[in-house]
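The points go from the chain overall to its sheets and then to its charged pairs.

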Amino acid sequence: MDSTTAEVLYFFPPFLRVYTDGRVERLTGTDVVPPSINSETGVSTKDVVIAPETGVSARLFKPISVNPEKRLPLLVYFHGGGFSLCSPYCSMYHNYITSLVLAGQIIAVSVDYRLAPENPLPAAYEDSWTALQWAVSHSNGQGSEPWLNDHADFRRVFLAGDSAGGNISHNLAVQAGVDALGSGVKLRGICLIHPYFGRKSEHDVGKVDGNISGGRPEEMPGVDNRWLYVCPTTSGFNDRRMNPAADERLWRLGCDKVLVCVAEKDVLRERGWFYYETLGKSRWNGEAVIMETEGEKHVFHLFEPSSERAVNLMTRIVSFINQEFVEDGAGLGLLLNHY
């Protein structure tokens, strides 16, 4: 079919159009910021290929001024975009992670996983797990990337992501609790920013579909059409990747602490709260904290990064990463701030 006459098959306004001839038109997150060593931002960046056979890659971030005697927390970040948009190289995520690395004085690996619909789920989960394993394989100091060998503290590893990236972070933390990440590696915590999970029940109204998927009739009860589109093999409402309450492994979440960030006017707000409450009811013995930003919508911090509320959100995330849990002589937990 001539692409000029192809009709729109799916439209997730205002970000993505898919045509009947298979063409995918992404309307945001396609720009590319080149990496830069000794950038005037105070952060150096470089790109690495992790798995040539699938194209999995990442952008690495490091503060320019690093004390060679001091190891920095390692953050592995997964961008959002409904599993179908953006990359670590687009200006929105490049700039955000740059600011986060500078503010937190951390090393970051921002993962470029394959996108749907060309690569339906579970591709993004598999790619992200491959990238995480690659990053922590440097814990013995013999990896292929000097920045990780020389500067990363593998006893302070964190996962974070927004929207779909928050979902990925959670699922990888569960997998890390089941399969382990190897000796010398400690997953301290995960930070889920406006995470994309499923509904509380099969009878919930599909607000996400009404705002993102054009209000099409539901194709499967209790499941967002967007999720069905990026994961056509899903089992439905009880798919544990989207419904942590259906995951019998939830209590094995492989980290000590969780920060859940939600926004008052986000259509995913209730899902973030439900995740937090579900985790609290499980047998997981870590510490979970939730932060709600008043008056803001989904991933507002990416669109208005210099706003007061976005700065407050970043400050909370930096604090979460730079706090270390230790025991005093009486066995009581203390939070020590490193920044």
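**Notes on the predicted model**

1. The chain exposes about 14,800 Å², and carbon and sulfur atoms supply 50% of this area; accessible areas come from the Shrake-Rupley method with a 1.4 Å probe, and for residues only the protein chains shown count as cover. This is a predicted model, in which local features need pLDDT of at least 70 and side-chain atom pairs count only at pLDDT 80 or more, while totals for chains, interfaces and linings use all residues. Residues are numbered from 1 along each chain as its sequence is written, and side-chain values use heavy atoms, with hydrogens and water left out.

2. Of the 339 residues of the chain, 52% count as buried, where buried means under 20% relative accessible area, exposed means over 50%, and partly exposed lies in between (1.4 Å probe, protein chains only). The chain holds 9 helices and 13 strands, taken as DSSP runs numbered from the N terminus (helices H or I, at least four residues; strands E, at least two). Among contacts (heavy atoms within 4.5 Å) between residues at least 6 apart in sequence, 66% join residues at least 24 apart.

3. An open sheet of 3 strands runs in the order E1-E2-E3 with antiparallel pairing, two strands being paired if DSSP finds at least two bridges between them. Strand E1 (8–12) and strand E3 (24–26) stand at the edges with a single partner strand each, so one side of each is left without a neighbour in the sheet. Strand E2 (residues 16–19) pairs with E3 over 3 bridges, and valine 18 has valine 24 as its bridge partner in E3.

4. Phenylalanine 11 lies in strand E1 and counts as partly exposed, at 31% relative accessibility. Together with Val8 and Leu27, Phe11 forms a nonpolar surface patch with about 220 Å² of accessible area; patches are made of residues with over 30% relative accessible area and no salt bridge, with like charges joined within 9 Å and nonpolar side chains (Val, Leu, Ile, Met, Phe, Trp, Tyr) within 5 Å.

5. A further open sheet has 8 strands in the order E4-E5-E7-E6-E8-E9-E10-E11, with mixed pairing. Its edges are strand E4 (43–51) and strand E11 (287–293), each with a single partner strand, so one side of each is left without a neighbour in the sheet. Within this sheet, strand E6 (residues 72–78) and strand E7 (residues 107–112) pair in the parallel sense over 5 bridges, with phenylalanine 78 finding its bridge partner in valine 111 of E7.

6. A search of the whole structure finds 16 salt bridges, defined as a side-chain nitrogen of Lys or Arg within 4 Å of a carboxyl oxygen of Asp or Glu. One of them joins the side chains of aspartate 47 and arginine 59 (2.7 Å, N to O). Aspartate 47 lies in strand E4 and arginine 59 in strand E5, so the pair ties together parts that are 12 residues apart in sequence. Aspartate 47 is partly exposed at 36% relative accessibility, whereas arginine 59 is buried at 1%.

7. Another salt bridge links arginine 271 and aspartate 224 through their side chains (2.7 Å, N to O). Arginine 271 lies in helix H7 (residues 269–281) and aspartate 224 in the loop between helix H5 (207–212) and helix H6 (225–230), so the pair ties together parts that are 47 residues apart in sequence. Arginine 271 is buried, with a relative accessible area of 7%, and aspartate 224 is buried, with 3%.
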